[in-house]
Amino acid sequence: MTPRLDGLAALEGRGELGYSPPVRYYLETFGCQMNVHDSDRMEEVLHAHGWQNTPTPDEAELVIFNTCSVREKAEQKLRSEVGKLAPLKAARPALVIVVAGCVAQQEGERLLKQIRHLDLVIGPDNIPELPKLVTSQLGGSPKTARTEFDLVETHFLASSPQGGKTPVSAMVTTMKGCDERCSFCVVPYTRGPERYRPVDEIIADIARWVEAGSREVLLLGQTVDSYRDSSLPSPNTGDPDESQFPFLLKRIAKEIPTLARLRYTSPHPRHATPSLARTHAELDVLAHHVHLPVQSGSDRILKRMIRRYTREEFVERARRLLAARPDMTMSTDIIVGFPGETDDDFEATLSLVREVGFTALFGFKYSPRPHTPAKKLADDVPEVVKAERLARLFAVIEEQGATHLQSLVGTSQEVLVEGASKMSRAEMGLRRVQGRTVRNEIVHIEVPREAHVEGQLLNVDVVRANKHSLEGQIERENLARFRRASQSESPRRALPIFAS
Ligand code: SF4
């Protein structure tokens with residue numbers, strides 16, 4: 001039987017709810033993978049109380065926006081989306097509207113004053129309290145802001161895979177918060193100081209996902225490679241930047257041998273130590289790809305950003321990781337137009353992108369964020385210059401990315417199939433699915449329509465490069481096996497894994 005909240009049951013019993021239970025909720029997520037992960041946990045918490053999701057706010061008693069404040073644009077979009085609900089709230093005053101996540105943490109009670117039709121503001125560490133707080137709102141409690149960090153008793157919500165909804169690639173949190181204090185970044189303010197999840201909890205979470213059918217795990221943390229846990233061996237290298245992250249990776253590989261692939265994001269370059277590179281060389285389960293955010297290629301700007309490495313140090317660390325596997329690739333994050341960035345500083349960034357040979361990047365125009373040290377600096381790079389620099393940066397990475405994809409045409413790649421292709425089109429007896437290589441390239445493949453390939457590792461011949469993805473064909477020998485299998489099996493039964 002589904003556990004219910006006492007308060008909610010009492011309200012239902014007294015007929016004091018303005019709707020028929022169960023509570024229907026609409027949840028919209030903005031921002032990074034950490035937010036997507038938090039939203040998944042939020043849904044699990046709500047489902048555990050028997051609440052159900054709806055596809056639009058119109059049918060909901062509860063609307064939640066899980067928000068991002070890393071960039072000004074994301075915050076503006078959130079405010080606009082919440083603003084659109086004012087007429088719905090006026091028509092249905094019992095509707096509960098919640099802002100969760102980083103904007104909630106950043107603004108707290110201020111948000112309740114700024115957005116008059118908002119009922120509840122809840123920070124990332126308070127997700128377990130969500131049903132209780134919403135129940136109070138449904139019962140007529142005053143507007144509330146709950147944004148306490150769990151500094152004394154840190155907790156991480158365990159995953160509870162839902163039947164039929166297990167992702168091929170599952171996200172697992174390893175830590176929260178950040179101690180870095182980069183001058184442009186609001187995360188230390190919205191997520192608090194670093195707190196690490198015990199290694200046994202991480203392993204148990206991964207085991208649950210793999211048991212439920214996930215094949216890949218993406219480890220999440222604001223600086224995922226600064227991980228520490230007293231139960232892991234001490235690094236003893238004398239390097240102050242050394243962490244226990246490589247030991248975490250090794251424990252996962254050893255204790256979950258059925259895991260097909262392991263990725264992580266985002267590492268801080270400071271902790272990209274020799275032992276991390278060696279671990280990439282040793283562990284077959286690790287993806288042959290690292291996303292290593294650099295932010296700028298100019299020492300002067302890196303110093304103003306308080307990134308705590310020089311360009312030379314970054315290049316050395318990136319090269320060490322790239323050398324761990326012959327086919328290793330790297331992507332990065334870059335901010336253009338940081339206060340004081342000159343043409344020469346930006347040229348240094350372009351030359352770094354070429355020097356390291358990134359195959360992809362996320363580029364952003366700088367925008368001042370509240371509570372950050374950089375907000376005190378003059379935002380002195382004109383918008384038009386920021387836009388022009390971003391366009392030049394994208395032109396360079398498009399060229400490098402295209403050259404890399406083209407180099408894969410004619411090769412055979414092992415592809416983990418994730419689901420239906422976004423570039424789907426019906427062909428005779430075939431359907432299109434998409435997956436990723438061991439690095440991170442997206443590959444579209446045509447497979448027999450009745451074949452169940454989601455979650456399988458397929459050997460695929462790359463036949464063409466698109467702008468941002470590859471086209472693959474199942475190797476002839478395997479296609480013949482598919483056809484034989486589909487002729488001999490009941491059409492309703494999934495075809496066997498043949499290349500795992
Ligand atoms: S490492 Fe820097 S950019 Fe990344 S979350 Fe921490 S403060 Fe923000």
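The legends below describe close-up views of a predicted model.

Residue numbers start from 1 along each chain as its sequence is written. Because the model is predicted, local features need pLDDT of at least 70 and side-chain atom pairs count only at pLDDT 80 or more, while totals for chains, interfaces and linings use all residues.

**View 1. Overall content of the protein.** The secondary structure comprises 16 helices and 19 strands; these are DSSP runs numbered from the N terminus, helices being H or I with at least four residues and strands E with at least two. Of the 500 residues, 42% count as buried, a residue being buried if 20 or more other C-beta atoms lie within 10 Å of its own, exposed if 12 or fewer, and partly exposed in between, with C-beta atoms placed from the backbone. Among contacts with a separation of 6 or more, 72% come from residues 24 or more positions apart; two residues are in contact if their C-beta atoms, placed from the backbone, lie within 7 Å.

View 2. Eight of the nine residues of helix 7 are buried, so the helix is largely enclosed by the rest of the structure. The buried residues are Leu130, Pro131, Leu133, Val134, Thr135, Ser136, Gln137 and Leu138. Glycine 140, which follows helix 7, has a positive phi near 100 degrees.

View 3. The residues around the ligand are Cys178, Glu180, Arg181, Cys182, Cys185, Val187, Pro188, Gln222, Thr223 and His268; a residue is near a molecule if its C-beta atom, placed from the backbone, lies within 6 Å of it. This shell divides into five nonpolar, three polar and two charged residues. Ala, Val, Leu, Ile, Met, Phe, Trp, Tyr, Cys and Pro count as nonpolar, Asp, Glu, Lys and Arg as charged, and the others, Gly among them, as polar.

View 4. Strands in the order 12-13-14 form an open sheet with parallel pairing. Strand 12 (289–291) and strand 14 (360–365) are the edge strands, each pairing on one side only. Six bridges join strand 13 (residues 329–336) to strand 14, and threonine 332 stands opposite leucine 361 in strand 14. Helix 15 (residues 383–407) packs on the sheet, touching strand 13 and strand 14, and its direction makes about 175 degrees with that of strand 14.

**View 5. Antiparallel pairing around strand 18.** Strand 15 (residues 412–420) pairs with strand 18 (residues 457–465) in the antiparallel sense over five bridges, with serine 412 opposite aspartate 461. Strand 18 also pairs with strand 19 (residues 470–474), antiparallel and over five bridges. A hairpin of four residues joins strand 18 to strand 19.

Key. Pairing = 2+ DSSP bridges. Axes fitted to C-alpha atoms, helices over the stretch in contact; angles between N-to-C directions.
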